[in-house]
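Please find below some remarks on the model shown here. They are set out as numbered points.

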Amino acid sequence: MKRGKRWNESTTLVATGRIYELEEAMSLLGQLPPAKFDESVDLAVRLGVDPRHADQMVRGTVILPNGTGKSVRVLVLTKGEKVKEAEEAGADMVGSDEYVQKIQDGWTDVDVIIATPDMMGQIGKLGRVLGPRGLMPNPKVGTVTMDIRKAVTEAKAGRVEYRVDKAGNIHCPVGRRSFSQEALAENITSVLMELNRAKPSAAKGTYMQSCHISTTMGPSIKLDAMKVLKG
């Protein structure tokens, strides 16, 4: 595959095979030639787990202290008195039957869906639409709850969900290229600390096997995750 001039210039700055400390990696990220838009910065971590076993599944949420840099559109599926609570908390859309029908018809123009438990009977049939897009409300990650105010506030503040894939990898957004190096470093540290906390007791051997950060259009930079965790 033929790469562009910007990519080629970027790859000359990143040393092949080198593992960078967090501060070095943030400095290097700032030196890479920028794209014509505010790129997302993403973290990829390979974990020493076998997700085929339920006791080695790694899944949860983490609140990025400096947010994601993205405006998050939140839909709350609820009825009765919780409608007002959702609206006051800042939800972009609030409703029940009408949104269930829209989703059934293929509508998914939203970033986070939060629901009260009484809606799950209706939401259960939306799995084929919401599941592949990572939008299905789930009590394990706090998106099925009676505390709507807290859930909406956290979603707007920069709560991101993580889930290990079949190959043992976690992919998670940690900010934007326009963020300061300090803000990105804080977000990355928060994610790594959370993943370390979520280590399954059944996991054997090296838990965090590799860690990389990258921008949307840039090469990946290998990060020394263990030094980050040790502070």
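1. The charged end of Lys 102 is placed over the ring of Trp 107, 4.3 Å from its centre; this term requires NZ of Lys or CZ of Arg within 6 Å of the ring centre and within 35 degrees of the ring normal.

2. The model is predicted: local features need pLDDT of at least 70 and side-chain atom pairs pLDDT 80 or more, whereas totals for chains, interfaces and linings use all residues. Residues are numbered from 1 along each chain as its sequence is written, and side-chain values use heavy atoms, without hydrogens and water.

3. The structure holds 1 aromatic pair. Tyr 99 and Trp 107 form this pair, which is tilted, at 5.8 Å centre to centre and 45 degrees between the planes (rings of Phe, Tyr and Trp, the last by its six-membered ring, pair with centres within 6.5 Å; planes under 30 degrees apart are stacked, over 60 edge-to-face, the rest tilted). Tyr 99 is buried at 14% relative accessibility, and Trp 107 is buried at 19% (buried is under 20% relative accessible area, exposed over 50%, partly exposed in between, with a 1.4 Å probe and protein chains only).

4. In helix H7 (residues 148-157), the buried residues are Ile 148, Ala 151, Val 152 and Ala 155 (helices, H or I, are DSSP runs of at least four residues, and strands, E, of at least two, numbered from the N terminus). These residues lie on the same side of H7 because they cover an arc of only 95 degrees around the axis, taken from the directions from the helix axis to the C-beta atoms. Gly 158, which follows H7, has a positive phi, near 120 degrees.
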